[in-house]
Amino acid sequence: MHIAAVKEVHEHPLPSVRALHHAIEAKARQWQDVVKIGRTHLEDAVPLTVGQEWSGYAHQLKQAIGTPLRPMSTGRSCWSPRSPR
């Protein structure tokens, strides 16, 4: 059953999520010079570029891709406690 689950993850959602990650990275590069005025609680905040914002989304997605793969490489469950070092 575990082998079937790993196979499904690698064949179906993972390629789509990787494609989404690459598309978001491309948009972040495309918009790296577009300045966005930051607002927080109706007050001015630090301005940033739209590219910086989207690169954050790309980074979060990259980390999310690695999460289900980590247990597959270590042979441990996501929920198994860490062994003391």
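The structure holds two aromatic pairs, where rings of Phe, Tyr and Trp (its six-membered ring) pair if their centres lie within 6.5 Å, and planes under 30 degrees apart count as stacked, over 60 as edge-to-face and the rest as tilted. This is a predicted model, in which local features need pLDDT of at least 70 and side-chain atom pairs count only at pLDDT 80 or more, while totals for chains, interfaces and linings use all residues. Residues are numbered from 1 along each chain as its sequence is written, and side-chain values use heavy atoms, with hydrogens and water left out.

Let's start with W31 and W54, an edge-to-face pair at 5.4 Å centre to centre and 75° between the planes. W31 sits in the loop between α2 and β1 and W54 in helix α3 (residues 50–74), so this pair ties together parts that are 23 residues apart in sequence. Helices (H or I, at least four residues) and strands (E, at least two) are DSSP runs, numbered from the N terminus. W54 also pairs with Y57: the ring centres are 5.4 Å apart and the planes at 80°, so this pair is edge-to-face.

G38 lies in the loop between β1 (35–36) and β2 (39–40). Leaving out residues up to four places away in sequence, G38 touches E43, D44, A45, V46 and P47, contact meaning heavy atoms within 4.5 Å.
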